[in-house]
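Subject: Model for your files

Hello,

Please find the structure below. My notes on the metal sites follow it.

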Amino acid sequence: MRTIADLHIHSKYSRATSPQMEVGVLALWCRKKGIDVMATGDFTHPQYLKGLKEKLIEDGSGLLEIKSKEQGAKGKERLKSKEEREKKIKFILSGEISCIYKDKDKTRRQHVCLLVPDFETVDKINVALNKLNCNLKSDGRPIIGLSAKRLAQICFEANEKTLVIPAHIWTPWFSLFGSKSGYDSMEECYEELTPNIYAIETGLSSDPEMNWRLSALDNITILSNSDAHSPRNIGREANVFDLEKVDYNEIYEVIKNKDTKRFLYTVEFYPQEGRYHFDGHRKCNFVCSPQESKNKHKNICPVCKKELVLGVEHRVDDLADRKLGFRPENAVPFKSFVPLQEIVAECFQKGKLTKTVQTVFEEMLEKKTEFDILLDLNRKEIELISNEIIAEAIMRVRNGKVYTKPGYDGEYGVVKVFDEEEIKKLLPEQNKLF
Ligand SMILES: [Zn+2]
Ligand SMILES: [Zn+2]
């Protein structure tokens, strides 16, 4: 059974996160988007965890469901067919921790995602962290002074089936390989525990192909998650499995063994759209490719003369031992997409959160899920629930026919389907159709 899983998001208790980020609203959006397994996020936060225990029930498979009264009238209304009603969203207990510590004479900052099969394990991890004076109350994604390796140790002691996943491993400031405070190899960080780290997360600014340039990652499972801070962004990156039984064990086994039979593909952002793809300085309004930084600027900003924030592509290039385009034998494939609301926004030449765009987006999701639309429906079927222009845009995204302007130093990049002249001509037609 095709199972779409988003294994990293944040709750309303994390900084800069929508107040809507709690399981009821998440389940609603999972249905609209076609996500089957959703991370709870933030299991280390006492108040959020209390809510999770009240609202979710362990279904005996290592995953959780919403207790039925929590679905509420609005939720029920949207479940159209009997199958849909039966197909409940499964939650997986997840958290992300920010480890900031000194190791080998350098300050290290690394985000680490955790997945566990039950509340018992969550409690054990939280108790252990509290004993070590970690302040879990401060934020949904708490900052702790322990090393990523020590954190992994604690998690494996609590339950050997915890999945410890270095998050968005290339972002400059807070990641395993980050240019500002990371390591050059997995072993340098996790030492003898390295064989127990089965997966990494690409983050929005890198895609699997970039990661395939490192032979050191050949046996690691490459995951992609949304890291969403608002319900509309869930599933913007995701993992597509083919599972016999949707349970924690099967997901664990697929990830542990990098089982390419049951891991069909990942859904990716175009990495250029991520906020740290290229090098640059946002304040100086300066952006350049890694080649330009290296050869022309010696990594120094020509405006302020300070060191540039080196993006993900630069860092990959520094650590890679292969050229772009190499594909390891056991690689899990991937598909690059633009989120549907961004496609609709471009077709209307309006902001993504404007009323027109949100109305059309939500009307489409009343008829089909976002993943149905992006992955499965043919052109005619998409036209029927939208129009020719939106259908054309989706076809182009599927075929990789897009224009990109890379993001840098925290600024999102831009991915466009139409060039300016073309969309100017199409726009009157588009506006007529709605
Ligand atoms: Zn993070
Ligand atoms: Zn500068």
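Is Cys284 buried or exposed, going by its relative accessible area? Cys284 is buried, because its relative accessible area is 18% (buried means under 20%, exposed over 50%, partly exposed in between, with a 1.4 Å probe and protein chains only). Cys304 has a relative accessible area of 29% and is therefore partly exposed.

This is a predicted model, in which local features need pLDDT of at least 70 and side-chain atom pairs count only at pLDDT 80 or more, while totals for chains, interfaces and linings use all residues. Residues are numbered from 1 along each chain as its sequence is written, chains are lettered from A and ligands numbered from 1 in the order in which they are written, and side-chain values use heavy atoms, without hydrogens and water.

Zinc ion (ligand 2)

Both cysteines are donors here, together with His281 (ND1) and Cys301 (SG), at 2.0 to 2.4 Å. Donors are N, O and S atoms within 2.8 Å of the metal (3.2 Å for Na, K and Ca); water is not among the atoms, so sites may look incomplete. The spacing of the donor residues is H-x2-C-x16-C-x2-C. The arrangement is tetrahedral because the 4 donor atoms subtend angles of 98 to 124° (four donors qualify if all angles lie between 85 and 135 degrees).

Zinc ion (ligand 1)

Glu96 (OE), His111 (ND1) and His168 (NE2) coordinate this ion at 2.1 to 2.3 Å. Along the chain these donors follow E-x14-H-x56-H. Glu96 and His168 are buried.

Regards

Terms used:
Tetrahedral: all angles 85-135°; square planar, octahedral: opposite > 155°, others 65-115°.
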